[in-house]
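Subject: Handing over a structure

Hi there,

Here is the structure I promised to pass on. Please open it alongside this email, and I will walk you through what was found.

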Amino acid sequence: MSDLGDWFRSIPVITRYWFAGAIVVPLVGKLGLINASYFLLWPDAFLYHFQIWRPVTATFFFPVGPGTGFLYLVNLYFLYQYSTRLETGAFDGRPADYMFMLLFNWICIVITGLVMDMQLLMIPLIMSVLYVWAQLNRDMIVSFWFGTRFKACYLPWVILGFNYIIGGSVINELIGNLVGHLYYFLMFKYPMDLGGRTFLSTPQFLYRWLPSRRGGVSGFGVPPASMRRAAEHQLGGGGRHNWGQGFRLGDQ
């Protein structure tokens, strides 16, 4: 138990609480301590009966059973792996900026869920984080099933296509990818690649709540070092830079 506790405490703080919530809330529903129907995002209950907790619980809840247990564990793996990599990579030392990214993606997913009558939001949010990580590490080579290898930028779409082939729904993955792309476009692509204005900025109250620490790798709205070097090279030449309900396994 000591080793497990040490491992849990080693997880970056935001990912740690998200990961813990994604275990505790499904467990509460599985044990019947609270009726699982209270965790789902039902538009009528949220909008007309003021059950304002539903967007939050629908983000953490997953119906764990004999037919879904493996898929649930796979998504826990995605959550742990890619949220940890973002929080300790591009957002290292900037917890407020990472929290803002999660909040932006979550709000977009909640709005989409209300419009499309989606009851579970766990997978879209995880996939949106995976998408952002894949774009910020787009040239990294990752591995998938059966030894296939490709650039990280294709990983979200490989997972989506794999789910479609085996007969699973791809709505959750598609929404997650689109929301992740919206964040990436507004935060990185549009202002840095296309010379547009910056639409997103972290609210000051998040900096007061989650102060930045010195020694971070990169800040909010700052691309990874490889992108900065490419940008500096291109700008030095006088021009703009040019950067280049199913859920299954994808691995690095």
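Let's begin with a pair of helices: α6, covering residues 95-116, and α7, covering residues 122-136, pack with their axes 10 Å apart and at an angle of about 130 degrees. That angle falls between the cut-offs of 115 for roughly perpendicular and 145 for roughly antiparallel, so α6 and α7 are oblique to each other. Their crossing is right-handed. If you want to see the contact itself, look on the α6 side at Tyr98, Met101, Leu102, Asn105, Trp106 and Ile109, which meet Pro124, Leu125, Ser128, Val129 and Val132 of α7.

Do keep in mind that this is a predicted model.

Helix α6 has another partner. The axis of α2 (residues 13-31) comes within 10 Å of that of α6, and the two cross at roughly 40 degrees. This makes α2 oblique to α6. Here Ile14, Thr15 and Trp18 of α2 meet Pro95, Tyr98, Met99 and Leu102 of α6. You will find Tyr98 and Leu102 listed in the contact with α7 as well.

Stepping back to the whole chain, its secondary structure comes to 11 helices and two strands. Along the sequence the order is α-α-α-α-α-α-α-β-β-α-α-α-α. Of the 252 residues, 49% are buried. The chain exposes about 12,900 Å², with 64% of that supplied by carbon and sulfur atoms.

There is also something from the records: an unreviewed UniProt entry lists residues 17-40, 60-80, 101-134 and 154-179 under "transmembrane region". In the model, residues 17-40 are 62% helix and 0% strand, with the end C-alpha atoms 20 Å apart. Residues 101-134 are 85% helix and 0% strand, and their end C-alpha atoms lie 15 Å apart.

Finally, two loop residues deserve a look. Which loop holds Phe50? Phe50 sits between α3 (43-48) and α4 (54-60). Its phi is near 55 degrees, a positive value in a residue other than glycine. Phe50 is exposed, with a relative accessible area of 65%.

The other is Asp117, in the loop between α6 and α7, which brings us back to the pair we began with. Asp117 is not a glycine either, yet has a positive phi of about 55 degrees. Is Asp117 exposed or partly exposed? At 46% relative accessibility, Asp117 counts as partly exposed.

How values were computed:
Residues numbered from 1 in each chain as written. Predicted model: local features only at pLDDT ≥ 70, side-chain atom pairs only at ≥ 80, totals over all residues. Heavy atoms only, no water. Helix = DSSP H or I, 4+ residues; strand = E, 2+ residues; numbered from the N terminus. Buried < 20%, exposed > 50% of the residue type's maximum accessible area, 1.4 Å probe, protein only. Areas by Shrake-Rupley, 256 points an atom, 1.4 Å probe, with all protein chains shown as cover. UniProt positions renumbered as here; feature names shortened; annotations may be inferred. Axes fitted to C-alpha atoms, helices over the stretch in contact; angles between N-to-C directions. Parallel < 35°, antiparallel > 145°, perpendicular 65-115°, else oblique. Left-handed = near helix turned anticlockwise from the far one by under 90°. Contact = heavy atoms within 4.5 Å.
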